[in-house]
Amino acid sequence: MAGIPPVTVEVAFDGGPFSTSYTWSDVTPWVEGFSVKRGRSYEVDRMEAGTLDLSLDNSDGRFTPMKNWSTELLPSNVTSGTETTSDTAGFTQGTGVTLSSSTSTPHTGARALRFDGASTVTAWQTIASTAKIPVKANNKYRAAVWLRNTVSAGFPALTMILRVFWYDANQNFIANTMVDSSTIVLAAQDGTYQLFEAIGFAPSNAAYGQLQIQDPTAPGATWVMYADDWSFTEVAPYYPNVIPRRRVRVRTANLLPKDTSTGGDISQTSDNFSTSHVSGQSNSWVTGTKLSGAGAIQVNFVQTGDGVTAFNSSIRCGFMKTDTWGGWGGASGWTWTRTYPVGLAKIVAGTTYTASGYYRKGDTSASESLYARIRWYKDDGSFYSSSSSVTVTPVAGQWVQFSVTAVAGGSSTSGVTYAGVEIGTAGSQAGTFGFIDQLQLEAASAASEWTPGGSIFSGFIEKWPVKINGLTAEVTASGVDGFDLLGTTEFQRPMRQHYLAQAPWGYWPLTEGSGATTVQNLADDLKPATLTASKYGGATAAFGAPSLVANDDGTSFSLTNIATSPAKGTVVDVLQNGQRSFATLTDKFSVAFWCAPTLPSSGNTGSLFRSTDATARRAVEVSIDSTGILTLTIGYPDGGLNSTYSVSTNNPVSTSTPNYVVVSISAGNGTIFLNGSWEADTSTLSGTPSSPQLRQPKYMTLGGNIGGPYIQDFTSGRYAHFAVWDRDVGPEIYEEPYFIGYKYGLYPTFWEDEVSRLSRLVKYAGFLGETDFDATVTGVQNLDWDEGTSALEVLQSTAEAASGYVFMDGDGRLVYHSRKRRQSGPIRYTLGDTTGLPYESDLDFEVDEDRIVNEVSFTRPGGASGVIRDQTSINTHGRKTKSVELNVTDDQEVLDASYSTLNQYKDAITRCDQVVLRSSASPGLFPVALGVEIGDKIRIGDLPTAAPAASVDFYVEAVSTQVSSDGGTPEWVTTLSLSPAVASDVWILEDVELGLLDQTTDLAW
C-alpha cells in the first residue's frame, strides 16, 4: 500500500441512539487526531465499552454545544436600522423608493428604517440592499430583518421577499437565492413587526453576500413600510444538534461491511453471501485459498447451459434477507416477515460508485467467463435494479481483479439506499467454481487500492468539551459504543420484559400489592386501570395473591366470594371507568392473560374477559363453562346487526395449574390459543361477517362484565399479566410466554440455546443495531434476573454460560464469539518482516504465575457440583482456586469446562501482552490496522533467538488506535492487546499430533 488510505470521521448530528433515520456529516477536515480502544486486557475479563477520543479544530465554533449564530457581519448602524444616526448610511434604495430614518414605533431602540414607495414600483424590484459583506464559500448563513406595515388608512397590504445576492472574489454576480428564501405578507394597517429570515449556504465560489428586500408583486399604490434589527450571520453548521448521544463513526473508504469486504474473515462464515436464489448453488468460507487474511469465499456455480442469459448462476455479495415466522395449524394460518440488509453497503442515490474485487478460478474448475455488476436495493428491502455488467476472464492460478462503475439507481433513483456486488456466469459448465476475496465499494469513478471495509469505531458522542486558547479552540469529544447504552438499559423481570418487547397497546401485570386500587400499565404509565366494583357489587376483589407464573416476583389479582343471589361481582376495568384513550381498532385485535379460574357450577358459564362497545354490545368475550371449555365470541357491527360468531376450544383449562389464554383476531377471523397451542378459530363457521371492522371497546374487563346483571358473567379465580394489541399476534405471544412462565413448572428453568437467548435479550433491550452471533454450541437455562439488572449484564452472563463472550465490533454490531472460536482457529495475520507486516521491536515476554489455576470448584444451578484439582501444580505453586458456575442444561458441560480451565491454567504461561504496529511508517500494515478485530488469531514471526520460539500465536483481546497530526503526515499507531493461543487445538483420540493433552492441545466441549 503506497500511503495512508482515506479514513473518514462522520457524525450524525440529527440522529440519536434510538433514531432509525439520520444523515452522516463528514467532519474529517476538522479532525486533529483521534484514539479508539475496544476490548479487554485479559482473556478472563469481560469486554468493556469501546471508547473514542476525537480532537476537532473548533476555531469557528461549529462544534460548540448549543451554539446558535456567530458574530454579526453587518455594521452596527445597519443592524440597528440607523439607530445612531438620522441618515440611511449602509443601505441603497431602489428606484421609486425613498429611505429615511424614523423614530415612529421602532422594533427596538429609538429608530427604524422607513420606506416610502411610489405606485410605480414594479414586481420583483429591489426595495433596498446592504453593502456587500465578505463570506466563506460553502458555509451556512442566516439573513434576517423585522418588518411592519404602516397603520395609516388607505395604504395597501405588502408582500416582500428577503434574498441574499452572492458574488465571487471579483464581485461578479453568482446567484440571488438561498435554500429557503423567506416571503412575508404584511396586512394593510397592521403595525405589528414580523420576523423575516432566510437560511442557506453560500455557493462554492462565493466571496461576498448582499442582503436585498424585493417586492415580488407590484403594490399598485403608494405605500409605507418600516424595517429594524437587520442581521447577517454565519450559522453554526450543526446547530442545534451539537449535543450528547449523537452517532459517530470512523470508517474507511470501502463502504461494504468489514465481513463482506474481507471475504468472510470476521465471522469466519459465508453468511454475508447468497447463492440461495439459484437452486443447486453453494458457497462457503474456506481457508485453503485466499488472497489475504484468514480465508475467502468459495462459490460453486451450477450448470445451466452455455450461451444463456448472464447471471443465471451467481453469487450475491451482500443481499436482502427475509425471515418468516408463523403457521400454527388449524383452519387458518399466520405469517410474519421481516426483510433486512445483510452485508450490503449504505449508499446515496444518484452518486457514482465503483465496485471491485478479486476472483480466482478453482484449480480443477471448468473454464467459464464471468460477469460482475452492482445491485441496487430500496430501503424497504425490495430489489430496484442492476448496473450494466463487466466481463471477468479467470486465469488459472491467479487472482484477477474486476471493477464496475455506475450511478446509484441509474437514471431514476427513487428510494435507492443499499448496494451489493454480484458475480455470475452466462450459464456455467459443470464443475465451475472459484474464490472471491478483497471486495470493495467506494464513492468514486474508478477502483482504488483495496482496504478492509466498515469502521474501526461506531458509537455515540458522550461529551463535547470546548477548550479555548487565545484565538484558537478545539473540542476533544469523547464517545462510547453500544455497550454503554446496554449497560444503562435496565430490565424489568423476565415475564414483564417479554411482553413489553412485543409493543403492546396496553399491558397490566396485575401484580400490585394487597389493598391497591390503581392498576399499573407498563406499556403507558399515563394510562393505568382501576380496580372497579361492578354496579351489582358484593364479591371480594384484591391484589396480593400468589404469582401465577415463574420469572416474576409479583403477585396476581384475585376474585372470590361471588354471591349466588342476587347477582353480584367485582371486576377489573382495564380502561379506567370506560375512559378509552387508545388507538381506534380496525379489523385486528389481540388479548392475552394468565388465569387460574374456579369452574362455574354445572350448567352455568362465566366470563374471563369481555369487552363491550358504547351501546353495551359485546365486542370480544372469552367465556368458560362448568367443564373448563373456553368459548371465543366476537361481535361485529355487520351492517348494524348484533351479529356474533363463537367457537370453542377442544381442550379444557387446567384446574390445578395456571392457564395461558390468547385470542388473535384479523380480517374477520378469530383464533383462540390455550397454553401455547392452537385450539380453534372462527374460519370453520358457516357465514362470515359482512365487514371485518371490529366494534370499538368502551369497557374491557377481567373476571366478568362490569355492567352484567347475571351471576354467570363472573368467574372467581386469579388473573395476571393482561395485555392487548391492536394487531394480530404470533408465537412470540401465544407460545413463548407459556414456555417462559409455566411449561416447566413454577420455577425458572425455561431453557433454550445460547444464540436464541442472546437474540431474545437483544429484542428485550430494544437494541436497534446489527448482530453477528456464532453458531450455537450449548443450551442455557434460567431466564431469571433481578428487577433493574442491566441488559449488558444479562447478555454477558448468557455468553459466559456458554463459555463465550460478547462485544461491540468496529461497525457497531453486537458480536457473540462461542468457545469454538478458540479451538483450532485459523491464523488471520502473520506479522514480521518476512511477510511485509513489521511490528515494533519492543516486545515483553513474561512467564505469568499470577493467573495460575490448579483447583476448580464447579456448579450448575439445579445440577452437579464438585471440585477438581491438579496436585502437581498445587505442590509447585500453592493452591490457587477458581469457581466455575455455568447456567447450562447439562452436567457434563460444566465438568468439561472445568477440566479445560484446569488444563489451560495449571502451569505458568508465557505471555506477551501487546504488540505495536506503526502503520504510518509501514503503509503495508494498514490492511491489518483497519481490518483486525477482537478474537482474531495472529502469529508473531521473525522473533530473535532470545524469544521463547521463532514464532508465537496469540489471540487479539483489544484493539487500540492512536492517530495524531501536527499539520503534516498523520502518525498512525495500532496496539493489539494479546493473550496466548495456548491449548487451542482440539484433542483427538489416537491422533499422532493431537492425541496428547499439552500446552497446545485441549479438550473441546
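**Note on a predicted model: sheet, cysteines and confidence**

1. Val299 stands opposite Gly434, a residue of strand 32.

2. Strand 21, residues 296-300, pairs with strand 32, residues 433-442. The pairing is antiparallel and runs over four bridges.

3. Both strands belong to an open sheet of five strands, arranged in the order 20-21-32-26-30 with antiparallel pairing. The edges are held by strand 20 (282-286) and strand 30 (399-407). Each of these has a single partner strand, so one side of each lacks a neighbour in the sheet. From one strand to the next, the twist averages 30°.

4. On the cysteines, the count of disulfides is zero. Cys317 has a relative accessible area of 0% and is therefore buried, the cut-off being under 20%. Cys595 is likewise buried, because its relative accessible area is also 0%.

5. On confidence, the chain has a mean pLDDT of 86, and 88% of its residues reach 70 or more. Two stretches call for caution in reading. Over residues 327-333, pLDDT stays under 50, and the model has 19 contacts beyond four places in sequence for this stretch. Over residues 988-996, pLDDT also stays under 50, with ten contacts beyond four places in sequence.

6. Where pLDDT is low, predicted coordinates should not be read in detail.

Definitions and conventions. Residues are numbered from 1 along each chain as its sequence is written. This is a predicted model: local features need pLDDT of at least 70, side-chain atom pairs count only at pLDDT 80 or more; totals for chains, interfaces and linings use all residues. Side-chain values use heavy atoms; hydrogens and water are left out. A disulfide is a pair of cysteine sulfur atoms within 2.5 Å. Buried means under 20% relative accessible area, exposed over 50%, partly exposed in between (1.4 Å probe, protein chains only). pLDDT is the predictor's confidence in each residue, from 0 to 100. Contact means heavy atoms within 4.5 Å. Two strands pair if DSSP finds at least two bridges between them. Helices (H or I, at least four residues) and strands (E, at least two) are DSSP runs, numbered from the N terminus. Axes are lines fitted to C-alpha atoms, for helices over the stretch in contact, and angles run from 0 to 180 degrees between N-to-C directions.
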